[in-house]
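Biologist: I would like to learn how to read a model like this one. Where do we begin?

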Amino acid sequence: MRAPAPVAIADAHQDHATASLRALLEDGSIPAAIRSGLSSEFARLEAMLAKLERGEVHIAVFGRVSVGKSALANALLGSDAFSVGVLHGTTREAGQRSWREVAGNGVHLIDTPGIDELDGQAREQLAFDVAGVADLVVFVVDGDMTQRERDALSTLARTHRPLLLALNKADRYGEDECAALLARLREHARGMVHEEDVVAIAAQPTPLKRVHVDTSGGERSERVERKPDIETLRARLTAILEREGRTLAALNASLFAGRVSDQVGTRIAQARQELAGKVIRQYCIAKAVAVALNPIPVADLLAAGALDAALVMHLGRVYGLPLSKSEAGSLIAVISAQLVALMSAIWGVHLVASALKGMSAGLSTLVTAGAQGALAWYATELVGRAAEKYLVAGKSWGELGPKRVVAEIVASLDRDSILREARSEILARLRSVS
Ligand SMILES: Nc1nc2c(ncn2[C@@H]2O[C@H](COP(=O)(O)OP(=O)(O)OP(=O)(O)O)[C@@H](O)[C@H]2O)c(=O)[nH]1
Ligand SMILES: [Mg+2]
């Protein structure tokens with residue numbers, strides 16, 4: 001069997017990436033609030049989709065201020081497209097130019113602001129953002145790497161895009177010094193940059209000063225401009241681009257789409273969790289006040305009331321997994337059975353004692369009612385949280401089974417603080433009705 005041609009592979013990657021970006025952009029099930037909360041990510045997705053459809057590849061130059069990023073971009077382009085300067089922070093915004101020389105015509109070079117040791121946090125974030133969505137990043141340094149540069153390199157490596165490491169200003173170093181520096185850089189970049197992609201260049205070598213001595217002994221000096229020496233880097237870049245440029249762009253877009261869809265998922269989960277918390281609290285209050293107004297024996301507190309069933313069904317709707325009345329009933333029965341088993345030892349005296357704790361006014365009816373209500377609140381909270389766990393796992397108790405799940409919930413909730421909060425909430429409400 002013949003291996004598929006590289007063009008076919010690139011096409012397949014591109015089709016897959018285009019489809020996943022489109023699916024995310026057009027997904028009607030993403031709530032509007034979440035879409036607007038992630039508006040910059042969605043805008044970037046749209047830009048990436050357009051870029052993919054145009055078959056473009058983006059290369060970003062990245063590095064500390066003044067290492068010669070703009071000079072390198074200019075040298076690759078063969079024009080003074082980007083401003084180069086001795087001042088730190090010459091480049092303040094990311095800029096982009098088409099690199100026509102490379103096959104396909106769709107290769108763009110992006111110059112980024114320098115990352116700085118001291119200030120310019122917004123610029124630095126911009127640099128990371130741009131590099132984070134570029135298909136290939138040339139990390140430029142002008143000597144041995146600082147800790148900060150090493151951290152930045154690792155951050156970029158975690159974004160899973162190909163990195164090249166360029167030691168610029170090689171004209172300032174002797175041959176041996178340059179070789180030693182390259183060896184150190186390869187050491188720092190081990191596992192993140194291929195050895196052959198760590199190269200020495202001189203994007204804008206300092207002009208030579210040539211001194212002429214004339215016959216009368218007078219001296220005249222002349223500045224001789226030197227051409228950029230970036231051939232090793234250019235060769236590596238061209239090789240990578242020709243071999244896998246479009247595939248890189250497609251993979252990068254797919255990765256980004258994956259990240260955005262994870263973020264969407266997390267936000268949806270958070271929003272549901274917040275809403276579930278509010279719903280549980282409402283039912284806790286309702287149940288607690290009902291019990292306080294009409295105290296029932298402690299042992300009956302766990303008996304599934306209509307309110308608990310309504311709570312569980314409400315939670316089912318929050319998690320997009322509606323439960324029928326009978327499903328809700330059996331779910332509560334399972335949870336209650338676990339709670340009773342867990343609590344039987346403490347459900348009586350100790351729990352009542354802690355529910356009463358801090359109520360110094362003597363055992364007035366109001367106080368007893370408050371304590372009973374607080375217990376009802378606590379029980380409802382446990383039922384709600386357990387039902388929530390079951391729903392989050394897609395209507396399943398998972399491998400651990402209901403016993404462990406319920407035990408973990410009981411252990412994770414701070415009983416005394418719930419009872420305290422419940423008591424004060426109930427007393428406030430009872431006072432307002434009496
Ligand atoms: N000796 C030498 N100097 C260079 C070389 N490349 C750039 N420079 C000098 O380094 C300085 C900074 O160059 P830029 O290209 O502006 O650096 P940058 O990384 O874009 O800097 P910011 O935009 O400020 O982050 C300039 O004075 C350049 O002339 C080189 O290969 N050799
Ligand atoms: Mg610059």
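Modeller: With burial. Buried means under 20% relative accessible area, exposed means over 50%, and partly exposed lies in between, using a 1.4 Å probe and protein chains only. By that rule Phe139 is buried, because its relative accessible area is 0%.

Biologist: What kind of model is it, and how are things numbered?

Modeller: It is a predicted model: local features need pLDDT of at least 70, side-chain atom pairs count only at pLDDT 80 or more, and totals for chains, interfaces and linings use all residues. Residues are numbered from 1 along each chain as its sequence is written, chains are lettered from A and ligands numbered from 1 in the order in which they are written, and side-chain values use heavy atoms, with hydrogens and water left out.

Biologist: How many aromatic pairs does the ring rule give?

Modeller: First the rule. Rings of Phe, Tyr and Trp (its six-membered ring) pair if their centres lie within 6.5 Å; planes under 30 degrees apart are stacked, over 60 edge-to-face, and the rest tilted. The count is two pairs. In one, Phe62 and Phe139 have ring centres 5.4 Å apart, and the pair is tilted because the planes meet at 50°.

Biologist: Which residues coordinate the magnesium ion?

Modeller: Donors are N, O and S atoms within 2.8 Å of the metal (3.2 Å for Na, K and Ca); water is not among the atoms, so sites may look incomplete. The magnesium ion (ligand 2) is coordinated by Ser70 (OG) and Thr91 (OG1), at 1.9 to 2.1 Å. Ser70 is in helix H4 (residues 69-77), while Thr91 is in the loop between H4 and strand E2 (95-98), 21 residues apart. Ser70 is buried at 8% relative accessibility. Thr91 is buried at 14%.

Biologist: Over which ring does the charged end of Arg35 sit?

Modeller: A charge sits over a ring if NZ of Lys or CZ of Arg is within 6 Å of the ring centre and within 35 degrees of the ring normal. Arg35 has its charged end over the ring of Phe42, 4.8 Å from the centre. For Arg97 the ring is that of Phe82, at 5.3 Å.

Biologist: Is His58 buried or exposed?

Modeller: His58 is buried, at 12% relative accessible area. His58 is found in strand E1.

Note on methods
Helices (H or I, at least four residues) and strands (E, at least two) are DSSP runs, numbered from the N terminus.
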